[in-house]
Amino acid sequence: MEDTAPPPFPFANPAPLQPPTEWAQLRQRCPVATVTLPSGDPTMLVTRHADVKQVLSDPRFPRSAADAARLSDTATGGLFNSEMSRTLPQHGEEHQRWRRLISKWFTVKRIRALQPRIEAMADRLIDDMTATGAPADLKASFAFPLPVWVICDMLGVPDSERDKFSYWSDTMLSLTRCTEEEMRVAAGEFLAYMRGHVAAKRAHPGDDLLSDLIQGGGLTDDVLVYTGQGLLVAGHETTANMIGKMIAMLLAEPARWADLCADPSLVPTAVEEALRFDAHPGLGMTRYLTEELTVAGRRLPAGTSVMCSMGAANRDEAVYPDAERMDLTRTPNAHLAFGSGPHSCVGQALARTELQVALQVLLRRLPSLRLAVPPATLEPLDGLVVGGLREVPVHW
Amino acid sequence: MKVFVDQDKCVAAGSCVTAAEDVFDQREEDGVVVLLNPNPPAALANAVREAAAVCPAMAIELHE
């Protein structure tokens, strides 16, 4: 056991695109470590690939519990302890049933059918950005709007409401720019809009996810409304930040961008490698042990809260040869960016496609793309749950 | 090579379809894996191994 006070978590990045030094130290010396969450609560941090995978994929353990460690005392910590998580099935067979109603909309076939529309949205955003001229913030003009447009499309929300969705989503999850009051108001406005939207879809069903869930029957309006909130919260900031980080990583070493321009068939493996190599993955995923579990030879009693660092696990030398090198051709690439097991990201086929389309369109439209600032000056977001860069200034 | 899938464990990520679409498909109603070919030819062996390696539910088992 540790003699000193457990270190604060999450750890700091020594440079904008470099992982915390603690990741490698803990994987080598202390694969199950006590750390202190921003709330002040202690938790057990797991950093090796095999251990993270073991804990995340064990169907016995829920993501949270009444006496589990709290992430933070802020409203964002609160969102995951909110009406949404009380309304949507969180665990076991009921969760699997609900998840399978949703997963119909995220099959590879469905997402492939959606791909031309995503591409058209990406092209339009690039039209607008280039019309304004260089330099531009690729995050604000491209990475941030693209996923919210896609979610609006899936939920059958008209194009004219996209800006409102974008604002609500940003405010609900932002820790740095908005007050708790602003976050509360945004969540209230969003839920009121979604209630009206669900009622409208009941009256006039369309070809969208909500209409389909309504016609399938059996779901209450509350579940439908919070399913919409869940998809927005899970699918917007995560993808937006990942597009920004991916492009920053690729431009930070111009040879990477040149390789992709020369051979765009590398896009799918480059996207997986960017997901693996992400040095700002956010907090990680939690599990609450409802019974004793042995992890890396250490017995953890029932009642322990475990934090799984997918970012640390994704650089585990035991799984990835030359783990600290970004290899755009790496295959297979069984990274844990989308988690593992029964709670792994339901929208991962969509997220992959959005990342691939974003990269393909940028390579096609702006092959001369480059960072407008030195990589060392890219600023991280102070968010807790979703990690990313504040801006990605670019020239072309 | 013989392929087994566990539809109960499957989380409908679709990674297997992306890796080897001649061997794996997804049910239209919920995205759960459908095994198209339990005895894939040697030419597809690498793609099937990749599918098993990247499955986030560890729902694909290979006997070689």
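Modeller: Helices (H or I, at least four residues) and strands (E, at least two) are DSSP runs, numbered from the N terminus. This is a predicted model, where local features need pLDDT of at least 70 and side-chain atom pairs count only at pLDDT 80 or more, while totals for chains, interfaces and linings use all residues. Residues are numbered from 1 along each chain as its sequence is written, and chains are lettered from A and ligands numbered from 1 in the order in which they are written.

Colleague: OK, which residues of helix 2 of chain A are buried?
Modeller: His49(A), Asp51(A), Val52(A), Lys53(A), Val55(A), Leu56(A) and Ser57(A). That is seven of the nine residues in helix 2 (residues 49-57) of chain A, so this helix is mostly covered.

Colleague: And what covers the buried residues of helix 2 of chain A?
Modeller: The cover includes strand 2 (42-46), strand 4 (285-288), strand 5 (293-295), strand 7 (305-308) and helix 16 (310-313) of chain A. Contact here means that the C-beta atoms of two residues, placed from the backbone, lie within 7 Å.

Colleague: How many residues of helix 15 of chain A are buried?
Modeller: Eight of the 11 in helix 15 (residues 267-277) of chain A, so the rest of the structure largely encloses it. The buried ones are Ala270(A), Val271(A), Glu272(A), Glu273(A), Ala274(A), Leu275(A), Arg276(A) and Phe277(A). They pack against helix 13 (237-252), helix 14 (254-262) and helix 17 of chain A.

Colleague: Switching to helix pairs. At what angle do helix 6 and helix 17 of chain A pack?
Modeller: About 40 degrees, with the axes of helix 6 and helix 17 of chain A 9 Å apart. Axes are lines fitted to C-alpha atoms, for helices over the stretch in contact, and angles run from 0 to 180 degrees between N-to-C directions. That angle makes helix 6 of chain A oblique to helix 17 of chain A; angles under 35 degrees count as roughly parallel, over 145 as roughly antiparallel, 65 to 115 as roughly perpendicular and the rest as oblique.

Colleague: Which residues of helix 6 and helix 17 of chain A make the contact?
Modeller: From helix 6 of chain A, they include Val108(A), Ile111(A), Ile118(A) and Ile126(A). From helix 17 of chain A, they include Leu350(A), Val357(A), Val361(A) and Arg365(A). By class, the contact of helix 6 with helix 17 of chain A has 10 nonpolar, two polar and four charged residues. Ala, Val, Leu, Ile, Met, Phe, Trp, Tyr, Cys and Pro count as nonpolar, Asp, Glu, Lys and Arg as charged, and the others, Gly among them, as polar.

Colleague: What about helix 6 with helix 8 of chain A, what is the angle there?
Modeller: Helix 6 and helix 8 (residues 145-155) of chain A pack at about 140 degrees, with their axes 10 Å apart. That makes helix 6 of chain A oblique to helix 8 of chain A. The helix 6 side has Arg117(A), Ile118(A), Met121(A), Ala122(A) and Leu125(A), and they meet Pro145(A), Leu146(A), Trp149(A), Val150(A) and Asp153(A) of helix 8 of chain A. The residues of this contact between helix 6 and helix 8 of chain A are eight nonpolar, no polar and two charged.

Colleague: Now Leu224(A), where does it lie?
Modeller: Leu224(A) is in helix 12 of chain A, and it counts as buried because it has 22 C-beta neighbours inside 10 Å. Leaving aside neighbours within four places in sequence, Leu224(A) is in contact with Val198(A), Leu210(A), Leu213(A), Ile214(A) and Leu219(A). Also, the C-alpha atoms of Leu224(A) and Leu88(A) are separated by 9.0 Å, and the two residues are 136 residues apart along the chain.

Colleague: Last topic, chain B. What pattern does it follow along the sequence?
Modeller: Chain B reads β-α-β-β-α-β, which comes to two helices and four strands. Buried residues make up 44% of its 64 residues.

Colleague: And how many residues does each chain give to the contact?
Modeller: Chain A gives 19 residues and chain B gives 16. On the side of chain A that touches chain B, helix 5 (92-103), helix 6 (108-132) and helix 17 (348-365) of chain A are the elements giving two or more residues. That side of chain A has seven nonpolar, nine polar and three charged residues.

Methods:
A residue is buried if 20 or more other C-beta atoms lie within 10 Å of its own, exposed if 12 or fewer, and partly exposed in between; C-beta atoms are placed from the backbone.
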